[in-house]
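Colleague: I would like to go through the charged side chains. Can you take my questions one at a time?

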Amino acid sequence: MFLRKTVVVFLFALLFLVGGQLEVSAAHWSGNGAVDGKEIRWGTARGSTSYTTIRNYSISTWDKLGKINIAGDTSSTVEDLSFRDIYVVSSLLGRYTPFSGADVIEYNTYNFKNMTTGQQKKTALHEMGHALGFEHHSSGIMKQGLFSMTYLDDHIIDDYNSHYK
């Protein structure tokens, strides 16, 4: 009995230590995303969105950081990312999905139509963060949930600068 309790305590301690180290060292970086070289080319290969103002705000906000060129697709480039609207009766606000070919950011119109502009901008910035390779975080723009946020927080800007040099 003593040995089993010791093993259980050891495993919980190890899980706590490893979890704590991952939180610090991983910097919420998955490395998966739509970045191709030093750019993301976006377009309409996999659909379109009626939330173009929100999409454009997200693109320009991330693009201003200057290390990854986020630009529209042209006839001489390969599209890396599409934006489209979906209608799903659920709490889903938006999602980023990697695909072979162009990845997709989807805005759920079921919820988007009732969201404030600040909530829509937060969702668009968050999903673009996934397209740039970032995972969820406990605070800031990469925190999951419905709240208003119209800027990139210092934490995500630091992560961006440490991964894109």
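Colleague: Which residue does Arg41 meet in a salt bridge?
Modeller: A salt bridge here is a side-chain nitrogen of Lys or Arg within 4 Å of a carboxyl oxygen of Asp or Glu. In this predicted model, numbered from 1 along each chain as its sequence is written, local features need pLDDT of at least 70, side-chain atom pairs count only at pLDDT 80 or more, and totals for chains, interfaces and linings use all residues. Side-chain values use heavy atoms, with hydrogens and water left out. At 3.3 Å, N to O, the partner of Arg41 is Glu39.

Colleague: Is Arg41 buried or exposed?
Modeller: Buried means under 20% relative accessible area, exposed over 50%, partly exposed in between (1.4 Å probe, protein chains only). Glu39, at 23%, is partly exposed. Arg41 has a relative accessible area of 16%, so this residue is buried.

Colleague: Which strands hold Glu106 and Arg84?
Modeller: Their closest N and O atoms are 2.8 Å apart, in a salt bridge. Strands are DSSP runs (E, at least two residues), numbered from the N terminus. The pair ties together parts 22 residues apart in sequence, because Glu106 lies in strand E5 and Arg84 in strand E3.

Colleague: Which residues are joined into one network?
Modeller: Arg95 and Glu106 also meet in a salt bridge, 2.4 Å from N to O. Salt bridges that share partners make one network of Arg84, Arg95 and Glu106.

Colleague: How many salt bridges are there by this rule?
Modeller: Side chains of opposite charge can pair when their charged atoms come close. By the rule used here, the count is three.

Note on methods
Helices (H or I, at least four residues) and strands (E, at least two) are DSSP runs, numbered from the N terminus.
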